[in-house]
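I opened this model to look up a few local features. My notes follow the order in which I checked them.

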Amino acid sequence: MAFRNYILVCGGTACESVKSQQIYQNLIAACKEHDVADEVQIVMTGCFGFCEQGPIVKILPEDAFYVKVKPEDADEIIREHIVKGRQVERLLYDKSGSTRHARVEDIQFYQKQFRIVLRNCGFINPESIDEYIAREGYQALERALFEMTSDEIIEELKSSGLRGRGGAGFPTWMKWNFTRQVKNDIKYVVCNADEGDPGAYMDRSTLEGDPHSVLEAMTICGKTVGANKGYIYIRAEYPLAISRLEIAMAQAREYGLLGNNILGSGFDFDIEIRLGAGAFVCGEETALLQSIEGKRGMPQPRPPFPAVKGLWGQPTVISNVETWANVPVIITRGASWFNKIGTADSKGTKVFALTGKIRNSGLVEVPMGTTLREIIFDIGGGIANDKKFKAVQTGGPSGGVLTEEYLDTPIDFGSLVKAGSMMGSGGMIVMDEDDCIVDVVKFYLDFSVDESCGKCAPCRIGGKSLARILEKITKGNGTVEDIDTMRTIGEAMKKGSLCALGQTTPNPILSSLDHFHDEYLAHIVDKKCPAGKCKDLISYWILEDKCTGCTACARKCPVNAISGARKEVHVIDQNACIQCGACYETCRFDAIEIR
Amino acid sequence: MAKMTLEELRSLRERVQGDIQKRDIEGKDRRIIIGMGTCGIAAGAKDTLDAFLAALDEHKLTNISVTQTGCMGLCYVEPTIEVIVPGMPNVIYGKVDKKTAKKIVEEHLMAGRLVTDHIFDRPAADIIKKDGGK
């Protein structure tokens, strides 16, 4: 019998962590109890993107969007929505607090988005190959195997304007073409799923929600360039993505879409998974290839580029997950469809992981050319808790910090670099007035220093030196000359480092020195941290006129630095205080001030 | 399933495409809304709903969404349903049993003619001509 309702339950990692699996089980049980089990199809899908509001349950055809669903809500959803046709008002997404938004199209978070890469995420069951096939899946592979020549495929990619989504933005067709032109019996196709930027989870969600799109793309590439073997290098910290990939690969093999003689075409291609141990540098392509070979993940000088001499010295096409996920759509819908989306030099869409002090954090896919303001304020809903926007960090540890004046920058490869940041793989961390720029930059720098492989001196020594200077500044021991020293070291690292990790490590410092010069000076000259984050530069004081003598702060203080009798003004002993901020958090009368 | 040939993949896609299109709501501007209040259910709204789905399947109509709502207030002629088709007035039909459901699909949705003897509201029943305005 035909289904009359479809219940889509988010099965992304974020929603799984808040019991979406239990919701799924409870929904099935409730359907049985209410005798509607054979009329309703319940599907565990990939990420819907709106992680802020998870776990998400969507019911079609009503298009009802239930948010923050708890396992115990399952029975009510079935009883009311499915049996009685009444939507469960209290679970519908509610932005303003006054009107409930029943339908997805009314939700602002989705309004400016355009989904190519995430086309199937949150719609199909990623563990069912049939559902992928039903959504034009493996149609591109059909065309590549039976209708198009390698020349035509490369020409299609070229006119689509697709550029690599991993950070550098290198034209994808050129990589394919280089590898294809090398005469060699053995060639490889590699998917870089070693997503390492703090706060970024685009690739994980794509693999969790639509693993077949990557498998199909790699097979098409194999056919085009003459490779018969592919590797997916994915970090072991992504267990759900790995298991979905394994299921997808087994299904594709069973259907004859991977393996020998694919669809009877005579073409052989298979894919293996290689697990990474979570080293950030292994996201760099040459280090990644070393790691697949079983060696220590260290970058190699380029040229020769992997396209010519890559894995085990053989020509290798290597692209990241998001780039691959674009390929089947381009082949199926055509380059002329794809290249109408985006800007002159950046075609298509880009997925961002929007995090930080933002109201709607989540996964966002927008056409290239969308401005930062649209992403942060329209899709992201602005800054959480009505604080003031301070800056946005794009491109992860390799990117830069952009201020309010850059909010109208259209997002494409060129514009972001011009503004002093970069596209990177798509992490986007929003900061508000309570964030200290020096502190944030120090976090990124410490990350890059930790993750440096240590092979080349500019990165190893330069990074450490920068970190030491920043440490000094946040302790209140900085000098004005330190700013110039940091610039000099940063510029040297950019020129002298072997790989992108070292070349981009100074980016957060260099961009913030330009945009937040005053804040650095406040730390160095005035010995003050304006945002109140750097512990060594702040002190807590009790305001006499506001203190009621409730003793709450004194009881919280871990070092007993606060003294005072009941109902009398309390005092902090500045010598004993460790600036932990516990009293500040505790006081209900705003009687404690940061100076 | 064993390894497929190109033809088998294509026929599999055709077979599964229909199912997934039903899930998709984009571009579906024709809607059948079924009153599933207690009154409707008691009068057999579930059989009506199944009959609509079966009729759409039979005629391979994929661009129509079938949704439910609560009681429409016309409890004396349950099961009640509303049909929304662009270019035609929104119509509430009453006393829709399995046979009528099939008729509504074939007449209203496919041929563009109102099923006048079951209209109970919107547009007002008394201004509807018996021959459906033809």
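The entries below cover confidence, a sheet, some helices, one lysine and the chain contact.

**Conventions.** I am working with a predicted model, in which local features need pLDDT of at least 70, side-chain atom pairs count only at pLDDT 80 or more, and totals for chains, interfaces and linings use all residues. Residues are numbered from 1 along each chain as its sequence is written, and chains are lettered from A and ligands numbered from 1 in the order in which they are written.

**Confidence.** I began with pLDDT, the predictor's confidence in each residue, from 0 to 100. Chain A averages 90, and 97% of its residues score at least 70. Residues 96-101 of chain A have a pLDDT below 50. Beyond near neighbours in sequence, that stretch has nine contacts in the model. A contact here means two C-beta atoms, placed from the backbone, within 7 Å. Helices (H or I, at least four residues) and strands (E, at least two) are DSSP runs, numbered from the N terminus.

**Sheet.** Next I traced an open sheet of four strands in chain A, with order β2-β1-β3-β4 and mixed pairing. Strands count as paired if DSSP finds at least two bridges between them. β2 and β4 (64-66) of chain A each have a single partner strand, so one side of each lacks a neighbour in the sheet. The twist averages 20° from one strand to the next. Strand β1 (residues 5-10) of chain A runs parallel to β2(A) over six bridges. Val9(A) has Met44(A) as its bridge partner in β2(A). Strand β3 (residues 57-60) of chain A pairs with β4(A) in the antiparallel sense, over three bridges. There I found Lys58(A) bridged to Phe65(A).

**Burial.** I call a residue buried if 20 or more other C-beta atoms lie within 10 Å of its own, exposed if 12 or fewer, and partly exposed in between; C-beta atoms are placed from the backbone. Strand β2 (residues 40-45) of chain A has five of its six residues buried. In helix α13 (residues 321-333) of chain A, 11 of the 13 residues are buried, so the rest of the structure largely encloses this helix. The buried residues include Glu322(A), Trp324(A) and Asn326(A). Just after α13(A), Gly334(A) takes a positive phi of about 100°.

**Lys546(A).** I found Lys546(A) in the loop between β14 (540-542) and α23 (552-556) of chain A. Is Lys546(A) buried or partly exposed? Lys546(A) counts as partly exposed because it has 13 C-beta neighbours inside 10 Å. Leaving aside neighbours within four places in sequence, Lys546(A) contacts Phe589(A), Asp590(A) and Ala591(A).

**Chain contact.** Last, I checked the two chains against each other. 26 residues of chain B are in contact with 23 residues of chain A. α1 (6-23), α3 (45-58) and β2 (64-69) of chain B each supply at least two residues of the side touching chain A. α1(B) gives the most, with nine residues.

Note on methods
Axes fitted to C-alpha atoms, helices over the stretch in contact; angles between N-to-C directions.
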